[in-house]
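Me: I would like to learn how to read the features of a model like this one. Please take them one at a time, starting with an interface.

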Amino acid sequence: MIKAGPTYHRKSFGLKDLVQEDLSREYESSLISSIRQNGYSLEEAGITIKLAKAFGFCWGVDRAVSMAYETRKQFPDKQIWITNEIIHNPLVNENLRQMQIKFVPQDEQERKIFTEISEGDVVILPAFGASVDEMRLLEAKNCEIVDTTCPWVSRVWNRVDKYKKSDFTAIIHGKYKHEETIATSSRSQNYLIVQDLAEAEWVCNYILQGGDKNEFLHKFKSAVSQGFDPDTHLNRLGVANQTTMLKGETESIGKLIERTMLAKYGAQKLDQHFLSPGDTICDATQERQDAMQELFSEPLDLVVVIGGYNSSNTGHLHEMAVVQNITAYHIDGPDCIVADNSIRHKLPHQTTEAIQKPFLPPEGNLTIGLSAGASTPDQVIAGVIEKIFSLRQTQPN
Ligand code: SF4
């Protein structure tokens with residue numbers, strides 16, 4: 001891990017005043033402010049928008065974006081890179097490109113190509129962190145590193161580090177391809193990534209009843225540490241999570257593993273075989289999920305969730321609506337809604353988009369629940385609301 005030093009920056013440069021005007025102009029919205037003041041509701045031409053009470057930019061994202069803008073001011077003449085999208089939002093990432101901040105290129109297998117980074121360049125690490133290997137590589141290149149990793153993510157890393165030191169295997173509830181989970185697993189000695197409760201149940205079955213080791217290794221081939229042996233590495237387990245997973249599911253996985261280890265080793269020896277995840281799911285994710293749940297107490301005709309298609313927490317908000325059997329669309333911005341009354345949206349658990357036409361009934365009263373993931377700026381949400389109203393040929397005040 002990189003140690004604090006003059007070329008490693010973990011905090012703001014103290015230039016917030018210099019970038020605040022740009023941040024406000026590019027991301028804030030007076031329409032959203034007025035909806036907040038109006039009890040999170042707006043009605044126009046028969047359409048009522050019900051906005052979730054917690055939505056959009058979270059503290060960690062706000063901090064990361066601000067640090068990136070400050071980095072440009074701090075190093076006006078240097079080449080600046082970002083190892084990945086700073087957050088999962090196309091508008092923010094495009095704005096950074098406009099500021100001549102480059103994204104580390106990737107090859108066809110989505111491996112990052114670091115050769116273009118020169119000694120002394122500035123490299124920003126995104127809110128969801130970077131892997132240990134990447135950090136070592138950048139340190140070896142004597143790069144100026146601006147680390148915007150969210151403190152909530154660092155909290156999970158501390159947990160995983162504890163497991164490593166105690167020789168426990170980290171069971172990580174996350175998506176093995178997600179950058180945050182890659183960064184978290186890189187800090188583990190032995191790990192297994194499960195993406196949902198069903199996979200955790202499969203693993204627990206193996207722990208209690210045994211099974212075919214080859215089948216296990218094939219099933220989790222992209223989701224285990226090198227040299228992982230399910231017959232020896234599932235004896236001492238600690239649970240960790242990608243901070244943006246569904247909290248209820250992480251808790252269920254934790255309880256399931258605890259029950260499994262209890263059944264196998266007994267209460268007397270449980271603490272030698274199981275460590276709980278502690279409180280590692282971030283407040284922002286939880287607040288947005290709770291606010292989404294609260295929205296469902298309203299009679300909604302449909303739900304629109306806004307956020308980057310690769311934003312995990314946005315995807316989960318969408319899934320929550322789908323589970324409620326409410327017609328729900330995950331879109332990444334206003335351009336997804338077209339004047340011919342169609343909507344282009346991402347299907348749950350898929351990478352493809354679909355088009356729904358008609359999107360809105362041409363007349364009659366309609367209540368639309370609206371929420372946005374933690375990487376979605378207010379201005380994008382306002383753009384979506386304006387587009388929705390424009391379909392009824394009116395604009396909000
Ligand atoms: S969603 Fe949570 S973990 Fe992710 S950046 Fe925001 S506050 Fe941090």
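Reply: Across the interface of domain 1 and domain 3, the rule finds five residue pairs in polar contact, both at pLDDT 80 or more. A polar contact is a pair of N or O atoms within 3.5 Å; within protein, one must be able to donate a hydrogen and the other to accept it, and residues adjacent in sequence count only if both atoms are side-chain atoms. This is a predicted model, so local features need pLDDT of at least 70 and side-chain atom pairs count only at pLDDT 80 or more, while totals for chains, interfaces and linings use all residues. Residues are numbered from 1 along each chain as its sequence is written, and side-chain values use heavy atoms, with hydrogens and water left out.

Me: How many salt bridges does the rule find across the interface of domain 1 and domain 3?

Reply: The rule finds zero; a salt bridge needs a side-chain nitrogen of Lys or Arg within 4 Å of a carboxyl oxygen of Asp or Glu.

Me: Where do the domains run, and what area do domain 1 and domain 3 bury between them?

Reply: Domain 1 covers 30-58 + 283-391, domain 2 covers 59-149 and domain 3 covers 152-275; the bounds come from an automatic or database domain assignment. The size of an interface is often given as the accessible area lost when the parts come together. Domain 1 and domain 3 bury about 760 Å² between them, 50% of it on carbon and sulfur atoms; the area is taken with a 1.4 Å probe and summed over both parts. Asp283, Ser312 and His316 supply 49% of the area that domain 1 buries against domain 3, more than any other three residues.

Me: Is glutamine 286 buried or exposed?

Reply: Buried means under 20% relative accessible area, exposed over 50%, and partly exposed in between (1.4 Å probe, protein chains only). Glutamine 286 has 17%, so it is buried. It is found in helix α12 (residues 283-295), and a polar contact of 2.6 Å joins its side chain to that of aspartate 290.

Me: What should I look for in the backbone?

Reply: Most residues other than glycine have a negative phi, and most peptide bonds are trans. Glutamate 110 has a phi near 65 degrees, a positive value. This glutamate lies in the loop between β5 (101-103) and β6 (122-125) and is exposed, at 56% relative accessible area. Histidine 349 has a positive phi near 60 degrees, lies in the loop between β15 (342-346) and β16, and counts as exposed at 68%.

Me: Which residues does a cis peptide bond join?

Reply: Lysine 357 and proline 358, with omega about 0 degrees. Proline 358 is found in the loop between β16 (353-356) and β17 (366-372).

Methods
Helices (H or I, at least four residues) and strands (E, at least two) are DSSP runs, numbered from the N terminus. Buried area is the accessible area (1.4 Å probe) that two parts lose on being put together, summed over both.
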